[in-house]
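I opened this model to look up a few helices, cores and loops. My notes follow in the order in which I checked them.

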Amino acid sequence: MAGAMLGRWLAAGLDPARARVVRPSGRPVAQGVRVESVLGAAPPPGALCLLGFKPQQLGTIAPAIAPHLVDVPLVSILAGATTARLRDHFPGAGPILRCMPNLPVAIGEGVCALYAAHDAGEPARNAVAALMRPLGLVEWLDDEAQFDLVTALSGSGPAFAYRFIDALASAAARLGLEPDQARRLALATVNGAAQLAARDTRPPAALAEAVASPGGMTRRGLDVLDADDRLVTLLADMLRATRDRGRALNS
Ligand SMILES: NC(=O)c1ccc[n+]([C@@H]2O[C@H](COP(=O)([O-])OP(=O)(O)OC[C@H]3O[C@@H](n4cnc5c(N)ncnc54)[C@H](OP(=O)(O)O)[C@@H]3O)[C@@H](O)[C@H]2O)c1
């Protein structure tokens, strides 16, 4: 995930010499970006540190790097790791902020949900928001308790969208369409519909109504999705299960 973010920053004009990556494998990341296998010294003044390892690694990695991150602003993309927990692990760090990105950040079409701990001032908030802007939509959360739900919605969301496209294609194939053709049609339809919706001021519910004339074909299909509120009920179950799994993994 951090690699996808860095890829987009570079594509948007970040000077590779200003980025430094620490990863145990030491594998190269991009032309001109310095890669180290351990954080052996403090970053230069004015730098911020993005934490991009797995949440389960927090307890083992933090003791090794915290001494080098005194007064350094931290941005964590670790799902489920609260700012209070991060502060416990990085007591001397600068302001701590959380960011929940999703994979389309790689093409500047992602979502970054942001939350700043109370001790993070305006300059840190503005700097992090400006950093995330080239990645896509930036949304601030006022309540950290909502972070797990937002992680389920937009962090995991691309997987759900892929599953929907696949299910649409599989359903069409089941009814007789050639599977590869069904996949192409389903993907292009969802892609085009999402792009059109993003350019329209009307909400998606109104756009659906606009496509469905009374007594027509589309209306009959929407009636199937809407019956007993079944689509919303299914998606609420999906989000609840995803959110609760995140909570369980971090408790
Ligand atoms: N995947 C998503 O869609 C998504 C979305 C939102 C947030 N996130 C968050 O992103 C984080 C990473 O997830 P991921 O899917 O990107 O996992 P990943 O592909 O396995 O990447 C984990 C990275 O952590 C590095 N790492 C491992 N041990 C380290 C250490 N001791 N010090 C520094 N770096 C270390 C790895 O380096 P090497 O490559 O050298 O092994 C690797 O680059 C998680 O906290 C997750 O919650 C992921």
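This is a predicted model: local features need pLDDT of at least 70, side-chain atom pairs count only at pLDDT 80 or more; totals for chains, interfaces and linings use all residues.

**Entry 1: helix α4.** I started with burial in α4 and found Ala124, Val128, Ala129 and Met132 buried. I then looked down the helix axis: the buried residues of α4 lie within an arc of 130 degrees, so they line one face of the helix. On the face turned away from that buried side I noted the exposed residues Glu122 and Pro123. Next I asked what covers the buried residues of α4. The cover includes α1, β4 (74–76), β5, β6 and β7 (136–140).

**Entry 2: Met132 and the cores.** I followed Met132 out of α4. Setting aside residues up to four places away in sequence, I list its contacts as Met5, Trp9, Val75, Cys99, Cys112, Leu114 and Val138. I then looked up the largest nonpolar core, which has 21 residues; Met5, Cys99, Met132 and Leu135 touch the most other members. At least two residues of this core come from each of α1 (2–11), β5 (96–100), β6 (110–116) and α4 (122–132). I also found a second, separate core of 17 residues, with Leu58, Ile65, Leu69 and Phe90 among them.

**Entry 3: the chain as a whole.** I stepped back to the totals. The chain has ten helices and seven strands. Its C-alpha atoms fill a box of roughly 65 × 40 × 30 Å along the principal axes. Of its 251 residues, 30% count as buried. I also looked at contacts with a separation of 6 or more: 52% of them join residues 24 or more positions apart.

**Entry 4: helix α6.** Helix α6 covers residues 157–174, 18 residues, and reaches 25 Å from its first C-alpha to its last, close to the 26 Å expected at 1.5 Å a residue. Which residues of α6 are buried? They are Gly157, Pro158, Ile165 and Ala169. Down the axis of α6 these buried residues fall within an arc of 115 degrees, so they line one face of the helix. The face turned away from the buried side carries the exposed residues Arg163 and Arg174. I checked what the buried residues of α6 pack against and found α5 (147–155) and α7 (179–199). Just after α6, I noted a positive phi of about 125 degrees at Gly176.

Entry 5: I picked Ser154, which is in α5. I have Ser154 down as buried because its relative accessibility is 11%, under the 20% cut-off. Leaving aside neighbours within four places in sequence, Ser154 is in contact with Asn102 and Val111. Asp148 is also found in α5. Is Asp148 buried or exposed? At 17% relative accessibility, Asp148 counts as buried. Not counting residues up to four places away in sequence, Asp148 touches Gly80, Arg243 and Arg247.

**Entry 6: Thr242.** I went on to helix α10 (residues 230–249), where Thr242 lies. Thr242 is partly exposed, with a relative accessible area of 23%. With neighbours within four places left aside, I list its contacts as Ala152, Ser156 and Phe160. I also looked up the distance from Thr242 to Ala206: these residues are 36 apart in sequence and 28 Å apart in space, C-alpha to C-alpha.

**Entry 7: the loop between α9 and α10.** I checked backbone angles here. Most residues other than glycine have a negative phi. Asp228 is not a glycine, yet has a positive phi of about 55 degrees. Asp228 sits in the loop between α9 (217–226) and α10, and at 70% relative accessibility I count it as exposed. Asp229, in the loop between α9 and α10, is not a glycine either and has a positive phi of about 60 degrees. Asp229 is partly exposed, with a relative accessible area of 45%.

**Entry 8: rings.** I searched the whole structure for aromatic pairs and recorded zero. I then looked for charges over rings. The charged end of Arg98 sits over the ring of Phe147, 4.1 Å from its centre. Arg125 lies over the face of Trp140, at 4.2 Å from the ring centre.

Methods
Residues are numbered from 1 along each chain as its sequence is written. Side-chain values use heavy atoms; hydrogens and water are left out. Helices (H or I, at least four residues) and strands (E, at least two) are DSSP runs, numbered from the N terminus. The expected span of a helix is 1.5 Å times one less than its number of residues. Buried means under 20% relative accessible area, exposed over 50%, partly exposed in between (1.4 Å probe, protein chains only). The arc is that of the directions from the helix axis to the C-beta atoms. Contact means heavy atoms within 4.5 Å. Rings of Phe, Tyr and Trp (its six-membered ring) pair if their centres lie within 6.5 Å; planes under 30 degrees apart count as stacked, over 60 as edge-to-face and the rest as tilted. A charge sits over a ring if NZ of Lys or CZ of Arg is within 6 Å of the ring centre and within 35 degrees of the ring normal. A nonpolar core is a set of buried Ala, Val, Leu, Ile, Met, Phe, Trp, Tyr and Cys residues joined through side-chain atoms within 4.5 Å.
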